[in-house]
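Thanks for making time. I have one model to go through today, and I will keep to what can be read from it.

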Amino acid sequence: MDPILLARAQFAANMSFHILFPTISIALGWMLLFFRWRWLKTRTDAWLVAYRFWTKVFALTFALGVVSGITMSFQFGTNWPGYMETVGNIAGPLLGYEVLTAFFLEASFLGIMLFGHGRVSERLHFISTFLVALGTTISAFWILCLDSWMQTPVGFEVRDGVFHATSWLEILSNPSFPYRLAHMLIASSLTVAFLLAGVSAWQVLRGVGNASTGLVLRVGLTVAAVLVPLQILVGDLHGLNTLKHQPAKIAAMEAIWDTERGAPLLLFAWPDEHSRSNRWAIGIPRAGSLILAHEFDAEIQGLNDFPNAHPPVAPVFFSFRVMVGTGVLMLLTGWTGLWLYRRRGWRPDALPRPLLRLLTAMSFSGWLATLAGWYVTEIGRQPFVVYGLVRTADVASKVPAGMIASTFALYLALYVVLIVAYVAVVKYMAEKPADEGPQTPQSGTAVAAAAGAKS
Amino acid sequence: MSFDEWLPVIFMGVMGLAMLTYVVLDGYDLGVGLLMPRATEAQKDTMISTIGPFWDANETWLVLGVGILLIAFPKAHGLVLTALYLPVALMLVGLILRGVAFDFRVKAQAAHKPMWNRAFFIGSGLAAASQGWMLGHYVTGLSAGWQYQLFAAAIALALPAAYVLLGACWLILKTEDELQRRAVQWAKRAWVPVVIGMGLISLITPWVSPTVRDRWFSMPAFIALFPIPLMTVTALVAARALLNSHRVLGKLCWLPFALVVTVFMLGFFGLAYSLYPFVVMDRLTLWQAASSPDALKIILVGVAISVPAIAAYTVLAYRVFSGKARALTYA
């Protein structure tokens, strides 16, 4: 097999595995801060119970994010040695600042946040929780800045084939960065919203709910109902930005082969790269132009305008539909769920079983949408690693295919096991009674009282 | 030298310090992981609670070290990691197993706990042995040939022993009673292979590399450098003697750990002296491998501001969890 494709597949597998966990921990950190704050304010036990349970999920998620992140810091060198040699002067500082400003902040204060209760003041504990949440978000800032720069490179000059920064201000405000950052942070929040709602719904279904279940469900559904429409708006702005800077990606997302005015919106099609046309296409006439450029007659550039410089069409086309489809389902579920929950007087037991089952099934829907979205943007950048300037094939490693394939199989097996274990453990923890441990009694009230007395 | 020429030297120093910090801090974590199968179920939980609040941050030093290699010396990063492709992959698998097992073992069903304990041990062992393998290859300039493979294999056994010694000394510091007494026994047993391993590196590196030989065995350098091996031997002997004393269970419980850390530091400085100014022995100097001075200056600003801050909150975390380890509970 082609070593470059193998190297890409291996890197993509690692990236895909890694992003699952930060996607949860970025927003879950802030959610924990909210739970803790509500508990400090109201002294309602339910908030503390929620904090304790979701802290465990956070610890698990964070650990998986850390270990898979370490893998990536090595794979830049093992898989793409030419990448840093070419654009290292720009990518280096951005990655360096991530480690220096974010990694240590979150990793150092995580210990105090998880285990520091009773050893430090309530105030320092709250600050630690805040710093962990802040660290995850700063991390997202630097990484998305670098990724966006690779999509829409500015503020540099090339001397002897090596990139040098000319303006860090331009690099830090590169054209696609604000949209991508907002899109990802909202995606993270939605992933957590559906995880909160889904796990709570599961607890109701299994009859293992506790004082916090109804509250957490309400928080999850509310965040979902508010943020899905916002995400659609941000996604649309992001799309307009991509049309301006990366027209080939848009052409692949919509499988438009020839430049045309009034392009249709394809609901389904089978893009065929050999015949360079779509088979079995079902579309809404002119709706494509309307959505992409906000005009019925707007001209959309086709893939044939980018010979040898456009991404593989089918993966981008289908990923985009998976992302949008999941988003629409999230909108319907979020709104229906919140509306019904309110009508039933915020009593989770009174919710219809099919809704609870749907919410449970959608616990990890955020992962699906987020991964699909990343596939659109990253595969959509191909065949370049830095859009329009550096080709992926030129920076790839010379490691023999057999070596890549065998380590790839090893990583893949490990990742599958870990994802299964992660989901199983979250499910297992959700089904256990709210509090356990030798020194903590079984009821939430007693736990809260004990914890309150300690602080 | 101009400031621009100093920059790579500064980054080499920061990278070296990050790696040393990593080896010491994650070294005791990995050592504790390697000792797990020798402990009872209750002792396992105590052992985990001695490293629980720290291991995440400890591992981050590796990201900083490799990160600086990546961003300050991109050519060396590509060269080293391509040559060490397989051990790197194995180490990563080990670190992943170790890290996740740490969390899974207390959260999964009780019936699965032994499985995650095993994963914790295997992960720690795989990571430690791969790091030893990489160290062995790295100090001989990534050369190919059976004798180098054999040397790397020897270090792949010696480094885990060094981690076990460090981990056992950490447990002497952080635990009490039966577990502490056991840790003393573990430390004694790990001491011998550590001494052999350090002796092997000290003899073989100058033998395979004329550069290293000239560095160490020419006059007057030999006399000036003599304190390094002398202090190393003294620290090792003192640590071994101390393990026989009952005072190690009481007031002096911190001393074996301090002595072993001193040995690690001396070994590191010896290695740094052998290597400088090469990033890859006899093949690539740090100036040949460095990024542009402009990029290094930008990163240096961040390093100058954040590394002191990192040091400060590392100290804070260790102070919050100082003293003998208590059971960990989520807040």
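What you see is a predicted model. Its scores are ipTM 0.82 and pTM 0.87. Chain A has a mean pLDDT of 88, with 95% of its residues at 70 or more. For chain B the mean pLDDT is 88, and 100% of the residues reach 70 or more.

Where does pLDDT stay under 50 in chain A? That stretch is residues 436–455, and the model gives it 27 contacts beyond four places in sequence. Where pLDDT is low, the predicted coordinates should not be read in detail.

Next, the backbone. There is a cis peptide bond between A:Q382 and A:P383, with omega about 0 degrees. B:P277 belongs to the loop between α12 (255–275) and β1 (278–280) of chain B.

One more backbone item, back in chain A. A:R43 is not a glycine, yet its phi is positive, at about 55 degrees. The residue lies in the loop between α1 (3–42) and α2 (45–79) of chain A.

Now the salt bridges. How many does the structure hold over all chains? The count is 19. One to look at is formed by the side chains of A:D147 and A:R381, at 3.9 Å from N to O. This pair links distant parts of the chain, 234 residues apart: A:D147 is in helix α4 (residues 122–151) of chain A, while A:R381 is in the loop between α12 and β7 of chain A.

Last, the surface. A:L267, A:F268, A:W270, A:W280, A:I282 and A:I284 make a nonpolar patch of about 650 Å². Strands β4 (265–272) and β5 (277–284) of chain A are the elements giving two or more residues to this patch. A:L267, for instance, is in β4 of chain A.

Which residues form a negative surface patch? They are A:D258, A:E260, A:E299 and A:D305. Of these, A:E299 is found in strand β6 of chain A, which covers residues 299–300.

That is the end of my list.

Note on methods:
Residues are numbered from 1 along each chain as its sequence is written. Chains are lettered from A and ligands numbered from 1 in the order in which they are written. This is a predicted model: local features need pLDDT of at least 70, side-chain atom pairs count only at pLDDT 80 or more; totals for chains, interfaces and linings use all residues. Side-chain values use heavy atoms; hydrogens and water are left out. Patches are made of residues with over 30% relative accessible area and no salt bridge: like charges are joined within 9 Å, nonpolar side chains (Val, Leu, Ile, Met, Phe, Trp, Tyr) within 5 Å. Accessible areas come from the Shrake-Rupley method with a 1.4 Å probe; for residues, only the protein chains shown count as cover. A salt bridge is a side-chain nitrogen of Lys or Arg within 4 Å of a carboxyl oxygen of Asp or Glu. Lys and Arg count as positive and Asp and Glu as negative; His and the chain ends are not counted. The place of a charge is taken as NZ of Lys, CZ of Arg, CG of Asp or CD of Glu. Helices (H or I, at least four residues) and strands (E, at least two) are DSSP runs, numbered from the N terminus. pLDDT is the predictor's confidence in each residue, from 0 to 100. Contact means heavy atoms within 4.5 Å.
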